[in-house]
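Subject: A structure to look at, with notes

Dear colleague,

I am handing over the structure below, and I would be glad if you opened it beside these notes and followed them residue by residue. What I found comes after it.

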Amino acid sequence: MGKPTGFLEKARSDRGYAPVEERLKHWHEFVKPLPEDDVRSQGSRCMDCGIPFCHNGCPVNNQIPDWNHLTYLGEWEEAFINLHSTNNFPEFTGRVCPAPCEESCTLNLNTFVRPVTIKTIECAIVDKGRENGWLVPQPPEKKTGKRVAVVGSGPAGMACAQQLARAGHDVTLFEKNDRIGGLLRYGIPDFKMEKHLIDARVAQMQAEGVTIKTGVHVGKDVSAKDLAAQYDAVVLSGGAEDPRNLEVKGRELKGVHFAMEFLPQQNKRVAGDTLPADQDILATGKHVIVIGGGDTGSDCIGTSTRQGATHVRQFELFDRPPQAENKPVVWPHWPRKERISTSQIEVQETYGTTTEYTMVTEELIGDEHGNVKAIRGHQASITFDGGRPVFNKIDDTEFEYEAELVLLAMGFVGPRKDDVLADLGINTVVQRDALGRIPEAPADYKTSLPNVFAAGDMRRGQSLVVWAIREGRQCAHAVDEYLMGESVLPR
Ligand SMILES: Cc1cc2nc3c(=O)[nH]c(=O)nc-3n(C[C@H](O)[C@H](O)[C@H](O)COP(=O)(O)OP(=O)(O)OC[C@H]3O[C@@H](n4cnc5c(N)ncnc54)[C@H](O)[C@@H]3O)c2cc1C
Ligand code: SF4
């Protein structure tokens with residue numbers, strides 16, 4: 001602990017944002033980094049607890065008290081090395097992680113003293129390292145001669161490929177899209193995370209020996225069975241791409257799209273691509289309704305606002321979470337409570353609407369040309385029957401709102417079943433329970449086939465970038481152990 005009295009002397013302060021009016025004019029990140037002296041004094045607030053909880057709250061088990069201390073001392077390069085010992089891509093998590101570590105910080109046990117700004121310090125360490133040229137390739141000292149195919153280049157595939165290459169294996173990373181990064185590239189908008197950060201990591205991985213093959217859809221362009229025969233091991237990290245559908249009358253109307261039909265287009269435009277005009281899905285000049293109150297829904301409303309929608313509403317099926325948690329009951333775990341995203345603030349300031357809860361959609365109404373023009377439904381009270389939610393209509397809450405673009409952001413039910421899994425004869429990587437939930441996934445990252453492993457959202461269901469990195473790292477350990485009999489890679 002750099003300064004035993006730090007948390008008594010310094011209040012928490014965190015990164016701010018550019019004003020809404022300014023940030024809506026562009027697609028860049030708008031978080032304002034803290035000045036270096038402030039980051040260091042925020043690091044001094046860490047109590048270096050005898051039993052720290054933050055590093056267990058963090059899915060990659062970042063050694064948070066250690067690098068908080070190093071940051072306070074200004075030993076940035078040591079902090080950079082320490083941070084990378086547990087996290088391959090802290091510049092991703094330092095931008096988009098919801099920071100469960102901060103919920104489990106001991107300072108957060110008390111309602112009046114707020115947690116250490118862990119995510120901001122993480123981001124400052126890696127950004128300083130990037131500026132100073134410390135982000136260099138770490139090629140292996142010797143090669144093993146073993147070949148591994150990694151299918152899917154989201155954060156799980158990237159982390160797994162990087163770890164395996166550093167262990168000396170010949171790794172080929174297959175990606176069906178034209179660019180590497182998975183949902184980091186084509187789900188998360190540039191205003192949350194700019195894509196040059198992925199490009200820098202791709203260059204690092206290539207210099208470490210990873211062969212990148214984009215535009216190759218495994219299970220369609222090449223056979224997954226062939227890969228399993230030709231390579232010593234195969235890792236499946238294809239994400240959970242099957243979106244939850246809205247099964248109501250009018251679903252087939254033009255102007256009703258899944259979020260992941262809409263969001264990738266904007267990321268491609270920002271990257272300089274030109275899309276065929278007849279395929280454009282744009283919110284410009286339209287009444288937009290986004291169904292889904294999570295991260296994906298937020299990204300849809302933020303993108304629609306920047307595209308110049310006439311009006312934006314966001315519906316959530318479930319009820320509004322409590323404003324604050326009961327800390328003695330839930331700490332150090334991740335609490336269910338209301339979290340207002342930066343995109344929701346933008347919508348509020350631009351259109352005066354806030355997320356509407358318990359909104360049940362009954363029907364999408366079309367015009368004479370088959371275009372959606374309105375959405376009809378009611379509000380519901382929610383009860384549970386054997387764990388399943390039951391939506392009970394509340395009298396006199398019927399609504400009908402104008403909508404020329406309806407975006408479905410209601411989550412993902414699991415991996416696609418029509419390509420790599422079908423090809424290999426694996427129906428589902430992880431068994432689900434009767435309610436469709438994924439129980440604790442097996443720790444060995446194995447599938448039912450001997451040399452085929454799985455990691456990330458494809459294995460555990462839709463999750464977070466930080467969990468994908470953890471899965472990629474742990475899966476690399478499992479593959480290395482399978483190939484070599486033992487592994488020096490961290491678990
Ligand atoms: C819109 C949106 C916003 C999100 N925002 C956040 C956020 O702010 N913070 C956060 O922590 N998490 C967020 N998430 C969740 C997070 O992005 C995912 O949990 C994470 O990216 C999962 O990583 P992954 O590597 O398992 O899979 P993915 O990122 O889904 O990557 C899978 C990759 O595999 C490729 N692929 C699939 N099948 C094949 C095949 N057969 N052949 C070749 N390639 C294939 C896909 O094209 C894709 O590139 C968000 C998700 C979405 C949809
Ligand atoms: S990766 Fe996420 S949970 Fe871990 S230290 Fe960073 S912000 Fe916290």
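Predicted model: local features only at pLDDT ≥ 70, side-chain atom pairs only at ≥ 80, totals over all residues.

T358 sits in the loop between α17 and β11 (359-366), and its phi is near 50 degrees, a positive value in a residue other than glycine.

D396 also has a positive phi, of about 60 degrees, although it is not a glycine. This residue is found in the loop between β13 (388-393) and β14 (399-402), and with 7 C-beta neighbours inside 10 Å it counts as exposed. While you are looking at the backbone, please also find the peptide bond between W331 and P332, which is cis, with omega at about 5 degrees; P332 has its place in the loop between α16 (327-330) and α17 (342-351).

Next, the overall division. The protein is divided into domain 1 (6-131), domain 2 (147-242 + 414-484) and domain 3 (245-410). The C-alpha centres of domain 1 and domain 2 lie 28 Å apart, and the contact between these two takes 16 residues from domain 1 and 19 residues from domain 2. On the side of domain 1 that touches domain 2, the residues divide into 9 nonpolar, 4 polar and 3 charged.

The shell is made up of 41 residues, and the closest are G152, G154, G182, G239 and G456. By class, the shell around ligand 1 has 18 nonpolar, 16 polar and 7 charged residues. Several elements each supply at least two residues to this shell, among them α10 (155-166), β4 (170-175), α15 (295-307) and α20 (465-484).

Helix α15 deserves a look of its own. It has 13 residues and reaches 18 Å from its first C-alpha to its last, close to the 18 Å expected at 1.5 Å a residue. Of its 13 residues, 13 are buried, so α15 is largely enclosed by the rest of the structure. The helix is followed by G308, whose phi is positive, near 90 degrees.

Ligand 2 is surrounded by 13 residues, of which the closest are C58, T93, C97, C101 and K119. Helices α8 (100-103) and α9 (118-131) each supply at least two residues of this shell, and the largest share, 3 residues, comes from α9. By class, the shell around ligand 2 has 9 nonpolar, 2 polar and 2 charged residues.

Finally, please turn to helix α3 (residues 36-43), where V39, R40, Q42 and G43 are buried. Seen down the axis of α3, the buried residues fall within an arc of 160 degrees, so they line one face of the helix. As background, an α-helix has 3.6 residues a turn, so residues three or four places apart point the same way. What covers the buried residues of α3 includes α5 (64-73) and also α9, the helix that gives the largest share of the shell around ligand 2.

With best wishes

Technical notes. Residues numbered from 1 in each chain as written. Chains lettered and ligands numbered in written order. Near = placed C-beta within 6 Å. Helix = DSSP H or I, 4+ residues; strand = E, 2+ residues; numbered from the N terminus. Nonpolar A, V, L, I, M, F, W, Y, C, P; charged D, E, K, R; others polar. Buried ≥ 20, exposed ≤ 12 C-beta atoms within 10 Å, placed from the backbone. Arc of directions from axis to C-beta. Contact = placed C-beta atoms within 7 Å. Domains from an automatic or database assignment. Expected span 1.5 Å × (residues − 1).
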